[in-house]
Amino acid sequence: MDFTTSALILSWVAIALLALVVSGLVRQVHQLSRGQVVRSPGRLGVTPGSAAPHADELLAGDRETLLLFLSAECRTCAEVLAAAGRLNGQRAVRAVYAGDAPPATETGVPVTGNRPDLFTAYDAIATPFAVLVGTTGRVVRSAPLGSADALGDLVAAAPDHTSQPRSA
């Protein structure tokens, strides 16, 4: 093997290694720019049965409360919020946004904006994300939602926790 062939092979190996390094860096920058944390696979959201973080400020008295973690730029989030407005008579509903909340809508759902700390506390890593909190102040279910229909499925599949008052 002559010098030119060796140099060419070495160059291609160096280019391949640089491509791997650059792709890893691009992935990290993309995750940091979206505010996401690299996490190990497992359960999403707060574990059912655990105490709901910031319950005193978010929950509606002794009513079962549905917390919706939404994004103003998300079209599915707007559909979920509209569907939640139709559920508002059955249980209390509150929408939470990490950034600025969109203008008030006709849904009648109370909106809390600029609360990225709640997204972290409830481990809501994607929007739309729903957390159903029972009257006891404990999480009943939590899951990311892919559609407005998924919201109805989440609420329908939740066990009834309305018979016990919330403990202080």
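**View 1. Arg-115 is buried in this predicted model, with a relative accessible area of 17%.** The model is predicted. Arg-115 lies in the loop between β3 (111-112) and α4. Its side chain meets that of Glu-57 in a salt bridge, 2.7 Å from N to O. Glu-57 belongs to helix α2, and the pair links distant parts of the chain, 58 residues apart. Glu-57 is partly exposed, at 40% relative accessible area. A salt bridge of 2.8 Å, N to O, also joins Arg-115 to Asp-117. Asp-117 counts as partly exposed because its relative accessibility is 34%.

**View 2. Arg-91 and Glu-64 form a salt bridge.** The closest N and O atoms of the two residues are 2.7 Å apart. Arg-91 sits in the loop between α3 and β2, and Glu-64 in the loop between α2 and β1, so the pair ties together parts that are 27 residues apart in sequence. Both Arg-91 and Glu-64 are buried. The count of salt bridges in the structure comes to 3.

**View 3. Arg-138 is placed in the loop between β4 and β5.** At 41% relative accessibility, Arg-138 is partly exposed. Leaving aside neighbours within four places in sequence, Arg-138 is in contact with Gly-49, Ser-50, Ala-51, Ala-52, Leu-132 and Val-133. The C-alpha atoms of Arg-138 and Glu-64 are separated by 9.8 Å, while the two residues are 74 residues apart along the chain.

**View 4. The largest nonpolar core has 23 residues.** Those with the most contacts inside this core are Leu-66, Leu-68, Leu-70, Ala-130, Leu-151 and Leu-154. At least two residues each come from β1 (65-70), α3 (75-87), β2 (92-97), β4, β5 (139-144) and α5 (148-156). The most, 6 residues, come from α3. A second, separate core of 16 residues includes Phe-119, Tyr-122, Phe-129 and Val-131.

**View 5. A nonpolar patch on the surface is formed by Met-1, Ile-9, Val-13, Leu-17 and Leu-20.** Together these residues have about 560 Å² of accessible area. Ile-9 is found in helix α1. Its relative accessibility is 44%, so Ile-9 counts as partly exposed.

**View 6. Thr-127 and Pro-128 are joined by a cis peptide bond.** Omega at this bond is about -5°. Pro-128 is in the loop between α4 (116-121) and β4 (129-133). Asp-123 lies in the loop between α4 and β4 as well. Asp-123 is not a glycine, yet has a positive phi of about 55°. With a relative accessible area of 23%, Asp-123 is partly exposed. Most residues other than glycine have a negative phi, and most peptide bonds are trans.

**View 7. His-54 has a positive phi of about 55°, although it is not a glycine.** His-54 lies in the loop between α1 (3-33) and α2 (55-58). At 35% relative accessibility, His-54 is partly exposed.

**View 8. Cys-74 and Cys-77 are buried.** The relative accessible area of Cys-74 is 17%, and that of Cys-77 is 1%. The structure holds 0 disulfides.

Methods. Residues numbered from 1 in each chain as written. Predicted model: local features only at pLDDT ≥ 70, side-chain atom pairs only at ≥ 80, totals over all residues. Heavy atoms only, no water. Disulfide = S-S within 2.5 Å. Buried < 20%, exposed > 50% of the residue type's maximum accessible area, 1.4 Å probe, protein only. Helix = DSSP H or I, 4+ residues; strand = E, 2+ residues; numbered from the N terminus. Patch = residues over 30% accessible without salt bridge, like charges linked within 9 Å, V, L, I, M, F, W, Y side chains within 5 Å. Areas by Shrake-Rupley, 256 points an atom, 1.4 Å probe, with all protein chains shown as cover. Salt bridge = Lys/Arg side-chain N within 4 Å of Asp/Glu carboxyl O. Core = buried A, V, L, I, M, F, W, Y, C linked by side-chain atoms within 4.5 Å. Contact = heavy atoms within 4.5 Å.
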